[in-house]
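Here is a briefing on one protein chain.

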Amino acid sequence: MAGSVKPSLMSVHVVAFGNERDGFPEDNQQSSLIWTYLGRSALISATESSLLLNSANHVGNPVFTEYQACVFGNVRLVVHDCPLWMKEDPSLKVSHPYMCSPVDFSETRPDIFDSDWYTSQNLIGGADIIVIKYSVNDKSSFQEVKDSYVPMIKRALNHCSIPVIISAVGARKSEVPCTCPLCSSDRGSCVTASEGIQLAKELGATYLELHSLSDFYIGKYFGGVLEYFMIQSLNQKSSEKMKKRKKSHKCHGVKPPQLEQPEKMPILKGEASHYNSDLHNLLICCQCVDVIFYSEDLKEVVEAHKIVLCSVSHVFMLLFNVKSPADIQDSSIIRTAQTLFAVNSEAVFPVSNQGSPCGPPVRVIVKDSFFCFCLSDILHFIYSGAFQWELLEEDIKKKLKDPGEVELILEKVKCILKTPGKVNSAKNCRSHQTARPLQLSDTSLKLFFNTHVLADVIFQIQGATVPAHRAVLVARCEVMAAMFNGSYIEANSFLVPVYGVSKDTFLSFLEYLYTDSCCPASILQAMSLLICAEMYQVSRLQHICELYIITQLQSMPSRELASTSLSVVSLLRKAKFHNSDCLSTWLLHFIATNYLIFSQKPEFQDLSAEERNFVEMHRWPSSMYLKQLADYRNYINSQKCHCIV
């Protein structure tokens with residue numbers, strides 16, 4: 001041997017397969033990827049870069065060439081290079097300035113895995129990095145890589161995760177070099193970039209195109225990737241070694257105290273949505289009615305609400321002047337509105353005491369007698385969320401015995417629910433309703449949030465005005481229902497002042513009523529919204545805000561929790577004051593679980609005596625553990641023993 005490698009604490013084992021030499025001109029046949037990298041790499045120190053070659057004596061196998069070097073100062077690098085398909089050729093005897101003697105590859109056999117399966121398996125199984133290299137101008141060698149090496153490497157990757165680098169070496173002959181995966185100009189006898197990329201995908205490998213063995217391609221491109229994986233391998237080995245040392249270390253037979261896991265935090269369960277049932281109850285209770293349907297003989301049929309009808313149908317938007325025919329631009333919707341309904345304000349109707357401060361209800365005559373007969377069932381279908389299509393069919397069939405009439409009514413319902421510019425069919429309607437229910441919150445109700453369209457109440461808050469719709473407020477909030485339907489002044493007022501809450505928080509509250517969802521921007525905003533929800537007795541919104549606060553606090557790292565200006569004790573105070581029992585209980589457990597952090601904060605002194613006793617009783621780590629740990633450390637120091645933790 002030409003030299004020896006200084007003993008090192010750690011090593012990296014690289015196994016390289018394939019022949020890349022056909023990718024270069026005749027005068028450069030002796031170059032190889034691994035050989036060139038080890039000769040040029042700046043990581044190999046000048047005094048410790050001797051390469052050990054053992055091609056004749058390495059476990060009796062002349063196929064592998066073994067290189068050894070020192071990298072990163074004191075890390076032993078071992079490379080086994082196997083150019084499998086090299087033919088017998090005296091020119092293949094090469095030498096290297098760092099090697100002891102030329103290497104003769106003329107004895108290379110193409111059946112390595114058959115001739116020495118055990119050695120090959122050990123080499124692959126013990127590899128930290130695998131390099132597959134081939135010449136882009138030798139398609140047969142690339143095919144042999146896929147046939148011989150890839151199956152064996154795949155089996156090895158099934159048992160462990162080993163980084164794989166695929167290097168396509170050389171410039172394609174008579175072609176402009178191209179690394180584009182979609183390029184087809186280099187097809188023929190050359191190996192295309194897309195073929196190499198496909199092989200890399202199969203192995204989960206990193207694919208590199210090296211047009212030459214220059215300093216850029218070898219040192220920075222190939223070397224950079226290889227050295228990255230070497231560092232990753234060293235980090236992993238160092239971590240595993242440290243774990244073994246910790247596990248096996250004993251200090252005079254005295255074990256440290258065992259730290260138990262903190263108590264499980266109380267689980268806060270959410271509340272199911274009752275959005276559709278709220279709106280359906282609005283139809284049943286007939287509160288805040290602003291539209292009444294009549295038959296052609298002026299008999300009252302059913303009462304309804306413009307905001308709900310317009311939220312699901314462009315026909316009703318057209319009927320109540322929310323949109324014009326020019327806005328809709330769908331002749332079938334315009335025709336349906338004209339043939340089914342007529343708005344009438346003549347004095348022939350009986351005087352009604354119902355209505356909002358905006359005026360009496362709108363009177364609508366239903367021109368189709370069969371449709372008028374089934375209108376109550378159709379409105380129940382719409383108010384229930386417009387997704388129980390099969391139930392609507394059954395209800396209409398019970399009232400109309402003629403199948404033809406049933407089909408006509410169902411077609412008119414589809415026209416009412418139609419989106420402008422789209423064609424409705426029975427199949428599409430059923431598949432849409434079953435695959436994704438057409439809920440009111442998912443369609444147009446959100447479009448009426450914070451707009452003056454059809455608004456019949458204006459909230460005055462912090463010098464600003466917020467428009468809203470009584471029907472939605474009454475359906476979704478019991479406090480609002482009592483306020484607008486009782487003997488309160490708000491029942492007959494168009495302008496309603498709001499106190500004790502900010503405009504942004506009140507807008508978030510109204511958005512939840514309209515859409516059944518909310519997205520607080522911060523923990524403090526969620527707490528403000530929780531207080532507003534408690535004020536108006538909307539329990540599900542309270543639970544949503546509680547879950548948001550808990551989720552945000554749980555995801556906060558200890559360092560951020562220690563440095564944050566957010567007062568968890570203040571959150572606890574507000575949660576208790578506003579009857580959020582679940583959140584207040586959880587916050588007490590959270591303070592106890594993070595005792596070492598919160599006990600150092602000034603706000604910790606604001607806890608009541610009862611709260612302090614609870615925290616001390618459930619604190620983590622417990623005072624007993626800390627006492628045992630202190631005793632253990634005193635014992636270790638007294639024995640003059642250094643314990644690795």
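Helices (H or I, at least four residues) and strands (E, at least two) are DSSP runs, numbered from the N terminus. By that rule Asp278 is in helix 7, residues 275-285. This is a predicted model: local features need pLDDT of at least 70, side-chain atom pairs count only at pLDDT 80 or more, and totals for chains, interfaces and linings use all residues. Residues are numbered from 1 along each chain as its sequence is written, and side-chain values use heavy atoms, with hydrogens and water left out.

**Overall**
- The chain has 26 helices and 13 strands.
- Of its 645 residues, 49% count as buried. Buried means under 20% relative accessible area, exposed over 50%, and partly exposed in between (1.4 Å probe, protein chains only).
- The accessible surface comes to about 32400 Å², and 52% of this belongs to carbon and sulfur atoms. Areas come from the Shrake-Rupley method with a 1.4 Å probe; for residues, only the protein chains shown count as cover.
- Contact means heavy atoms within 4.5 Å. Among contacts with a separation of 6 or more, 69% are between residues 24 or more positions apart.

**Asp278**
- Asp278 has a relative accessible area of 12%, so this residue is buried.
- Leaving aside neighbours within four places in sequence, Asp278 is in contact with Ala475 and Arg476.

**Nonpolar cores**
- A nonpolar core is a set of buried Ala, Val, Leu, Ile, Met, Phe, Trp, Tyr and Cys residues joined through side-chain atoms within 4.5 Å.
- The largest core has 114 residues. Phe293, Phe341, Phe459, Phe506 and Phe509 have the most contacts inside it.
- Helix 12 (residues 369-383) gives the most to this core, with 9 residues.
- Not counting residues up to four places away in sequence, Phe459 touches residues including Met480, Phe484, Phe506 and Leu510.
- A second, separate core has 29 residues, among them Ile124, Ala127, Val145 and Ala156.
- In soluble globular proteins, nonpolar side chains tend to be buried together.

**Helix 11**
- Helix 11 spans residues 331-340; Ser332, Ile333, Ile334, Thr336, Ala337 and Leu340 are buried there.
- These buried residues pack against several elements, including helix 9 (314-319), strand 10 (362-366) and helix 14 (403-416).

**Aromatic rings**
- Rings of Phe, Tyr and Trp (its six-membered ring) pair if their centres lie within 6.5 Å; planes under 30 degrees apart count as stacked, over 60 as edge-to-face and the rest as tilted.
- The count comes to 21 aromatic pairs.
- Phe341 and Phe371 have ring centres 5.9 Å apart and planes at 80°, so the pair is edge-to-face.
- This pair links distant parts of the chain: Phe341 is in strand 9 and Phe371 in helix 12, 30 residues apart.
- Phe341 is buried at 3% relative accessibility, and Phe371 is buried at 0%.
- Phe293, Phe316, Phe320, Phe341 and Phe371 form one aromatic cluster.

**Charges over rings**
- A charge sits over a ring if NZ of Lys or CZ of Arg is within 6 Å of the ring centre and within 35 degrees of the ring normal.
- The charged end of Lys399 sits over the ring of Phe373, 5.3 Å from its centre.
- Arg619 lies over the face of Tyr595, 3.8 Å from the ring centre.

**Cysteines**
- A disulfide is a pair of cysteine sulfur atoms within 2.5 Å. The count here is 0.
- Cys519 is in no disulfide; the nearest cysteine sulfur, in Cys518, is 6.5 Å away. Cys519 is exposed at 75% relative accessibility.
- The sulfur of Cys545 is 4.9 Å from that of Cys518, its closest cysteine sulfur, which is too far for a bond. Cys545 is buried at 0% relative accessibility.
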